[in-house]
Amino acid sequence: MASTDAAAEKEERLKSALWYSIGQFVDEECLNDDLNATPQFIGALTELVYTQIANTARDLEVFSKHGGRKVINTDDVMLLTRRNDALETMLKQELDRMKSAEGRADGQAVAGAHGKKRGRPAGTGKGKAKA
């Protein structure tokens, strides 16, 4: 029960921090464009953003587990962008820029992988045998 209370308290603190950050951003934009935003708008936007963050985190965890990994990597993030062509293009460009800055080609392993293949070995699935 105590862990549930602690988790709920942590979630509320995260939402409060998000509300504050979004409020600051909206206030700045409203001042720049001579507009006004209500506290209800900021609250609704905060809930929308929080829900999107939670969904994104869950999706990334599922993609990583499906790939047989415990750690989320760039492949998981790129899979998440598959329905947003503009975001996918932008992230691919940034990933390519980062790889070239590190001196790696697309096919090279990330530092620390030591050339080992990761994930489940081929042919060890638990699916039904073909008849």
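User: Which residues does Val49 touch, not counting residues up to four places away in sequence?

Analyst: A contact list shows what a residue packs against once its neighbours along the chain are set aside. In this predicted model, Val49 touches Leu18 and Ile22. Val49 itself lies in helix H2. Another way to read its position is by C-alpha separation: Val49 and Trp19 are 30 residues apart in sequence but 9.5 Å apart in space.

User: Does Val49 count as buried, partly exposed or exposed, and why?

Analyst: Relative accessibility decides the class, with buried meaning under 20% and exposed meaning over 50%. Val49 has 27% relative accessibility, so it counts as partly exposed.

User: Which residues make up the largest nonpolar core?

Analyst: A core is read as a set of buried nonpolar residues joined through their side chains. Here the largest one has seven residues: Leu18, Ile22, Val26, Cys30, Ala37, Ile42 and Tyr50.

User: What do the buried residues of H1 pack against?

Analyst: They pack against H2. The buried set in H1 consists of Lys15, Leu18, Ile22, Gly23, Val26 and Cys30. For Cys30, leaving aside neighbours within four places in sequence, the contacts are Leu35, Asn36 and Ala37.

User: How far does H1 reach from its first C-alpha to its last, and what follows the helix?

Analyst: End-to-end distance can be set against the span expected from the residue count. H1 has 32 residues and reaches 46 Å, close to the 46 Å expected at 1.5 Å a residue. After H1 comes Asp34, with a positive phi near 55°.

User: How far apart are the end C-alpha atoms of helix H4?

Analyst: They are 26 Å apart, which agrees with the 26 Å that the 18 residues of H4 (85-102) should span at 1.5 Å a residue. Just after H4, Gly103 takes a positive phi of about 80°.

User: Which residues of H4 are buried, and where do they sit around the axis?

Analyst: Glu88, Leu95 and Lys99 are buried in H4. They cover an arc of only 35° around the axis, so they lie on the same side of H4. Helix H3 (74-80) is included in what covers these buried residues.

User: Which exposed residues does the face of H4 turned away from its buried side carry?

Analyst: That face carries Ala86, Gln93, Ser100 and Ala101, which are exposed.

Technical notes: Residues are numbered from 1 along each chain as its sequence is written. This is a predicted model: local features need pLDDT of at least 70, side-chain atom pairs count only at pLDDT 80 or more; totals for chains, interfaces and linings use all residues. Side-chain values use heavy atoms; hydrogens and water are left out. Helices (H or I, at least four residues) and strands (E, at least two) are DSSP runs, numbered from the N terminus. The expected span of a helix is 1.5 Å times one less than its number of residues. Buried means under 20% relative accessible area, exposed over 50%, partly exposed in between (1.4 Å probe, protein chains only). The arc is that of the directions from the helix axis to the C-beta atoms. Contact means heavy atoms within 4.5 Å. A nonpolar core is a set of buried Ala, Val, Leu, Ile, Met, Phe, Trp, Tyr and Cys residues joined through side-chain atoms within 4.5 Å.
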